[in-house]
Amino acid sequence: LAMPKPVLILECGAVPKRFGIQDSFASMFIKTAKLSPTRSWVVDATKRSPPGDLKAFSSVIVTGSLSMVTDRPIWSRRLAKWIVKAVDGGAAVLGVCYGHQLLADAFGGQVDYHPSGLEIGTFTIKLEKGADKHPLLKKLPQEFPAQLSHSQTVLTPPKGVRILARSEHDPHQILAYSEKVVTCQFHPEFSPAVMESFLKSVADRERHTFPRPNIGIPVKQTPHASELIELFVNLSTD
């Protein structure tokens, strides 16, 4: 039997040391998806271009970042162009947080700071009507908790993109470009411990910049949100 192709994980920056988190963004995805060492290939997209040939990979994951899409650093513009080519070429792509916003921006949507400020902590995600017909979401309940940490958001999705889920704060929590290309604003790769670290660091530093209701506490386990990564990896391997 042929070995499954690895998942290409495009890392959009490092986790700041002040957060006290040992894992990188990429390693969180690898752990959550239960990928063996041979089933993942990590590229630091802030330092080098992703591979030109995608035939060696089963799918692509674009991670979160502490950068802002609207700042448009050179590496991000380079990555956006690469993603458009990859999607047009038929690649299976999962974009998370920064990845979610980067795809929306690259395909003509509007990304900017959320008018109501930061959303950070554990919040309820609600699937839109008919969302369970998408192959990636058919095993998920209509409502489930997820970890969130973002100040920018997709204000207007690209034309033709389906809105599959929302939170009370953000109406564009899951977007589907096709059956193979899906993005989410929440962090399915975050454990409760990681979320606690983000909350402490970000909330302590920026509490004055956003309204209290946008802090989701207490932090909870988010098994259904985390399952999304494994479902995506398995779906794109089939």
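The buried residues of helix α1 are Phe25, Ala26, Ser27, Met28, Phe29 and Thr32, where buried means under 20% relative accessible area, exposed means over 50%, and partly exposed lies in between, with a 1.4 Å probe and protein chains only. Helix α1 spans residues 25-32 and is mostly covered, since 6 of its 8 residues are buried. When I say helix or strand, I mean DSSP runs numbered from the N terminus, with H or I over at least four residues for helices and E over at least two for strands.

Before I go on, please keep in mind that this is a predicted model, in which local features need pLDDT of at least 70 and side-chain atom pairs count only at pLDDT 80 or more, while totals for chains, interfaces and linings use all residues. Residues are numbered from 1 along each chain as its sequence is written, and side-chain values use heavy atoms, with hydrogens and water left out.

Helix α1 is followed by lysine 34, whose phi is positive, near 55 degrees. In the loop between α1 and strand β2, which covers 40-44, we find proline 37, and at 76% relative accessibility proline 37 counts as exposed. Proline 37 is 31 residues from proline 6 in sequence, and the two are 9.0 Å apart in space, C-alpha to C-alpha.

Let me turn to helices α2 and α3. Two packed helices are described by the angle between their axes and the distance between the axes. Here the axes of α2, residues 74-88, and α3, residues 98-106, come within 10 Å and cross at roughly 70 degrees; axes are lines fitted to C-alpha atoms, for helices over the stretch in contact, and angles run from 0 to 180 degrees between N-to-C directions. The two helices are therefore roughly perpendicular to each other, given that angles under 35 degrees count as roughly parallel, over 145 as roughly antiparallel, 65 to 115 as roughly perpendicular and the rest as oblique.

Which residues of α2 and α3 meet? On the α2 side they are Trp75, Ser76, Leu79, Ala80, Ile83 and Val84, and on the α3 side Tyr98, Leu102, Leu103 and Ala106, with contact meaning heavy atoms within 4.5 Å. By class, the contact of α2 with α3 has 9 nonpolar, 1 polar and no charged residues, where Ala, Val, Leu, Ile, Met, Phe, Trp, Tyr, Cys and Pro count as nonpolar, Asp, Glu, Lys and Arg as charged, and the others, Gly among them, as polar.

Helix α3 has 8 of its 9 residues buried, so it is largely enclosed by the rest of the structure; among the buried ones are His100, Gln101 and Asp105. Just after α3, glycine 108 takes a positive phi of about 100 degrees.

On the α2 side, arginine 72 lies in the loop between β3 (59-62) and α2. Arginine 72 also has a positive phi, about 50 degrees, without being a glycine, but it is partly exposed, with a relative accessible area of 39%. Within α2 itself we find valine 87, which is buried at a relative accessible area of 18% and which touches Val93, Phe107 and Val181, not counting residues up to four places away in sequence.

Now to the strands. Strand β6, residues 119-127, and strand β7 pair in the antiparallel sense over 8 bridges, and two strands pair if DSSP finds at least two bridges between them. The bridge partner of glycine 121 in β7 is leucine 148. Strand β7, residues 143-150, is mostly covered, with 6 of its 8 residues buried.

A search of the whole structure finds 6 aromatic pairs; rings of Phe, Tyr and Trp (its six-membered ring) pair if their centres lie within 6.5 Å, and planes under 30 degrees apart count as stacked, over 60 as edge-to-face and the rest as tilted. Phenylalanine 144 and phenylalanine 186 form an edge-to-face pair, with 6.0 Å centre to centre and 75 degrees between the planes. This pair links distant parts of the chain, 42 residues apart, with phenylalanine 144 in β7 and phenylalanine 186 in the loop between β11 (181-184) and α4 (192-206).

I will finish with glutamine 152 in strand β8, residues 152-156, which counts as buried at 1% relative accessibility. Leaving aside neighbours within four places in sequence, the contacts of glutamine 152 include Met68, Gln101, His114 and Gln185.
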